[in-house]
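The sequence and the model are shown first, and the points follow by topic.

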Amino acid sequence: MLLNWTVMILYNYFSAMFVGPGYVPLGWTPEKSQDCIYLQYCKVCQSYKAPRSHHCRKCNRCVMKMDHHCPWINNCCGYQNHASFTLFLLLAPLGCIHASFIFVMTMYTQLYNRISFGWSSVKIDMSAAKRDPRPIIPFGLSAFAASLFALGLALGTTIAVGMLFIIQMKVILTNKTSIESWIEEKAKDRIQYYQTGETFIFPYDTGSKWKNFKQVFTWSGVPEGDGLDWPVRDGCHQYSLTIEQLKQKADKRIRSVRYRATEDYSGVCCPVTKGVKTFFTTPCTEEPRIALSKGDLILATRGLKHWMYGEKILDSAADGAIRERGWFPRKCVEKYQYDSETDQPVDGEKKNR
């Protein structure tokens with residue numbers, strides 16, 4: 001039975017790894033050219049981003065129904081491998097629970113044969129070794145330590161991977177991905193902030209958990225649809241989510257603040273020369289850092305106490321400027337005062353940090 005767990009775990013693991021999430025074809029455009037206004041354009045893939053797709057910086061491609069990039073499978077979790085990845089998250093804890101049971105019973109039986117517990121004292125029963133036949137695999141101190149260590153690993157894997165499985169099942173039963181759940185939360189914040197009176201309805205939730213489940217898990221192992229067109233609920237259309245993304249992107253531009261670099265920054269994860277607090281409060285994320293040179297312009301969109309995240313403007317002449325995104329120390333920049341009409345710095349005005 002333990003071998004069966006191992007085979008099924010490895011099968012789904014390698015399926016998620018090598019089958020991949022499925023990518024939007026390079027140069028893809030919607031069938032109706034007028035629908036392009038509802039979609040974002042990816043300069044890297046030279047194509048429009050299909051509904052539910054997102055560009056992955058690690059894979060360097062637009063991924064269909066992207067959930068996240070998983071370093072453990074060195075690939076994205078998306079449209080084609082979502083089922084395999086979720087089954088791996090289910091089978092791994094089950095196999096570890098079985099292994100934990102074996103470790104516990106092994107240590108119990110071996111210790112029980114060597115120790116007898118009295119009412120008032122504990123004594124070592126040395127006669128047990130003479131009565132019982134020699135075990136096939138000797139169980140000494142080193143074997144006990146190895147079993148205890150393996151038990152800790154099995155229990156740790158059960159808890160960690162089991163929590164990931166619960167998270168994945170929650171988004172699957174609502175027919176969402178982790179990214180789409182985040183987009184939905186930002187939609188609610190945007191509507192509440194601007195008091196627009198809108199009501200955002202997630203378009204891909206069918207209202208039935210069973211129907212949502214069947215869109216990912218099928219008997220053939222191939223998910224429903226083609227990864228580009230998706231069934232939507234009543235009152236929504238195919239581009240309801242992409243329109244909301246465009247609104248959030250426009251709101252992001254409005255809320256962004258322009259900064260100018262006052263110090264050079266090499267782009268290292270934990271800079272030693274930028275202060276002790278900056279060193280120890282580096283963001284715990286796989287998002288990149290961007291190198292800065294004195295005088296660079298950055299559009300900051302969010303930040304922490306000692307770090308900021310934004311886009312470095314390499315060519316500020318047009319909206320289609322090429323930008324690099326990432327984290328940088330707040331200590332290296334200051335607010336950049338400029339005239340919104342001429343895009344020129346305001347002379348004589350004190351810069352606020």
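Helices, such as the one that holds Met-105, are DSSP runs of H or I with at least four residues, numbered from the N terminus. The model is predicted.

**Nonpolar surface patch**

- Seen from the surface, Leu-2, Phe-101, Ile-102, Val-104, Met-105, Tyr-108 and Tyr-112 make up a nonpolar patch, and their accessible area together is about 680 Å².
- Helix α2, which spans residues 82–112, supplies six residues, the largest share of this patch.
- Met-105, a member of the patch, is located in helix α2.
- The relative accessibility of Met-105 is 35%, so this residue counts as partly exposed.

**Cysteines**

- The whole structure was searched for disulfides, and zero were found.
- For Cys-62, the closest cysteine sulfur belongs to Cys-42, at 3.6 Å.
- A disulfide requires the two sulfur atoms to lie within 2.5 Å, so the 3.6 Å between Cys-62 and Cys-42 is too far for a bond.
- Cys-62 has a relative accessible area of 0% and is therefore buried.
- Cys-36 also falls under the 20% limit for buried residues, because its relative accessibility is 16%.

**Backbone angles**

- Most residues other than glycine have a negative phi.
- Lys-65, which is not a glycine, has a positive phi near 50°.
- The loop that contains Lys-65 runs between β4 (61–63) and β5 (68–70).
- With a relative accessible area of 4%, Lys-65 is buried.
- Gln-195 is likewise not a glycine, and its phi is positive at about 50°.
- Gln-195 sits in the loop between α5 (178–194) and α6 (209–216).
- Whereas Lys-65 is buried, Gln-195 is exposed, its relative accessible area being 64%.

**Strand pairing**

- Strand β9 (residues 257–261) and strand β10 (residues 297–303) run antiparallel and are joined by four bridges.
- Within this pairing, Tyr-259 has Ile-298 of β10 as its bridge partner.
- Strand β10 also pairs with strand β11 (residues 307–313), in the antiparallel sense and over six bridges.
- One of the contacts to β11 links Leu-297 with its bridge partner Ile-313.
- A hairpin is formed by β10 and β11, with three residues between the two strands.

**Aromatic rings**

- The structure contains 13 aromatic pairs.
- Among them is the edge-to-face pair of Tyr-13 and Phe-14, at 5.3 Å centre to centre and with 75° between the planes.
- Phe-14 has a relative accessible area of 39% and is partly exposed.
- Another pair, Tyr-41 with Tyr-48, is edge-to-face, at 5.1 Å centre to centre and with 75° between the planes.
- Tyr-41 is partly exposed, with 41% relative accessible area.

Conventions: Residues numbered from 1 in each chain as written. Predicted model: local features only at pLDDT ≥ 70, side-chain atom pairs only at ≥ 80, totals over all residues. Heavy atoms only, no water. Buried < 20%, exposed > 50% of the residue type's maximum accessible area, 1.4 Å probe, protein only. Patch = residues over 30% accessible without salt bridge, like charges linked within 9 Å, V, L, I, M, F, W, Y side chains within 5 Å. Areas by Shrake-Rupley, 256 points an atom, 1.4 Å probe, with all protein chains shown as cover. Salt bridge = Lys/Arg side-chain N within 4 Å of Asp/Glu carboxyl O. Pairing = 2+ DSSP bridges. Phe/Tyr/Trp six-rings, centres within 6.5 Å; stacked < 30°, edge-to-face > 60°.
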